[in-house]
Structure formats: C-alpha cells, structure tokens
Amino acid sequence: AFDMGGPINKVATLFAQTQVNTQPWLMGGVGIAICTPPLGMALATFLSPKKFKRDEREAGKAAGIMGMIGISEGAIPFAAADPARVLPAVVAGGIVGNVVGFMFHVVNHAPWGGWIVLPVVDGKIGYIVGTLAGALTTAAIVILLKKNVVEDESRSNQFAGGSVTEEGQADVLAITSCPSGVAHTFLAAKSLEKAAHHLGVRIKVETQGANGIGNRITQKDIEKARLVIFAHDVAIKEVERFANVKTLDVSTKEAMLNAQALIMTKVSK
C-alpha cells in the first residue's frame, strides 16, 4: 500500500501473481490490500467531508470506483497533497485488510484485486470483511489526523479559471490517455484542472479511456485555444485535429507532477 501502484506495489503484487496457481492464498491478501487505499480515502471523504477540500471530495468519488476495480492509484492525489497523514493511514489499512484476509483463509484465483474479482474468490465473506476492515482503518486514521479545512470561497470566485465543458470557452485544451485508460488518464486530467483553477486559466480536458472519449474537444474549442497539452502514455486518437495549434507533448506522470508549469507555458505568452 505504501506507494499505491508504484514500483514497491508492483513488486509485491507480481510476486503474489506468479504464485496464483500454486499459492492463491497470497492473492487473497494482496487482492484486499490493493483496493483498501482508494476505498479508505473515498470513505473518509464521505464520513468527514469537512476534512477535505472540494476537489478532494470529488476525487473521493473516483477513488471509490477505482478501489472497487482494484486500482490503488486512486489514493495518489490524497497522498500527494498530505503524505504525512495519508501514507500511514493507507499502510495501516492495507495491513489490517491483508491480515483479515489471511485469517479467513481467503483464496483469490485471479491475479488482480478489488471486488471485481469476487466471482473467482473462495471465502467471499472474509474477502469483503477484510476489505471493509482495511478501508475503515484507513478512513478512521485519516479523519483522526487531519484537521478541518477552510476554503476561501470568495477567493475562488475571483478566478475565471478552472474546468469548462462549454464549447469555445477554454484557453488551454488537454488530452489525457494511459494504457489502462483508467488510472493515470483521470489523475492527470484532475491535476491539470486543479492547476488551471489555481492559475485562473480556463481549461477543457478530453479523456481517452476505457470507456471511449470523454468531454470531447470540438472544432470550436480548437479555434479558441492557444495551447493543447497531450498528456499520454499511449497514442492519442484523432491527433490530426490539432495541426494548427501549439502543442505540448508530455507523459501522464509529468502532467500529474508539473501541471502548473505546463499551463504556465500559455500564461507566460
């Protein structure tokens, strides 16, 4: 749970995945630990919304969905914003969920996690109990450690920036896409939208994911925009639309880590 989909997570998961035919009890515990970080953070935003900013509460909805389908990365935005409080909470939740799964002798025959694998789990009740116990542990610790946030609504209203969906209103356009079409696609989109809001820049982000193209950029959008950011790890679809617009080509990781700097390319002109 420590790095939520990063290299440590991948090594631990791969070890259990290679043993799925001979020691499937390993994936029983790992399958639970994979999903407890995002589910725990989603639960925390639901139980104690005053502890989180508005954009974090929105991210909590996505984290809940990602947790159910076994994508640990759903907790990354929370950990990036407040690592000192979130990381201990997700690790503790992962430990509790994993151990509960082992105690119930849960066996997971799929090399994956989340509730999406329930059809091939032996000991479904234990798997569910472990998931709930881990998520509750994470949520409880985060709620205990975090203080209530106070958002300055008057300051927010001073900005004309942020995410827009109307045609021809955005100064900056972006397309995000990753191999799975789920995790980094939407995390990169959220980072760019958050940065645009902070800078007072209007942005429209098209996501090219597992469910197709979302929030599609139109010709009217392209005519208005001064910059298009391609944040992708796979080929962008219909890239020829942007032949006459200045573009930046980066990875989804760079968009998540340096969103403000990318958008400042437009702002500084």
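I began with the largest nonpolar core, which has 18 residues, those with the most contacts inside it being Val 172, Ala 174, Leu 192, Ile 203, Ile 229, Ala 255 and Ile 263. I took a nonpolar core as a set of buried Ala, Val, Leu, Ile, Met, Phe, Trp, Tyr and Cys residues joined through side-chain atoms within 4.5 Å, where buried means under 20% relative accessible area with a 1.4 Å probe, counting protein chains only. At least two residues of this core come from each of β4 (172-177), α8 (183-199), β5 (202-209), β7 (227-232) and α11 (259-267), and α8 gives the most, with five residues. I then noted a second, separate core of 15 residues, among them Met 41, Ala 75, Ala 79 and Val 90.

I keep in mind that this is a predicted model, in which local features need pLDDT of at least 70 and side-chain atom pairs count only at pLDDT 80 or more, while totals for chains, interfaces and linings use all residues. Residues are numbered from 1 along each chain as its sequence is written, and side-chain values use heavy atoms, with hydrogens and water left out.

For the whole protein I looked up eleven helices and eight strands, taken as DSSP runs (helices H or I, at least four residues; strands E, at least two) numbered from the N terminus. The C-alpha atoms fill a box of roughly 60 × 40 × 25 Å along the principal axes. Buried residues make up 49% of the 269 residues. Of the contacts (heavy atoms within 4.5 Å) with a separation of 6 or more, 70% join residues 24 or more positions apart.

Key
Buried means under 20% relative accessible area, exposed over 50%, partly exposed in between (1.4 Å probe, protein chains only).
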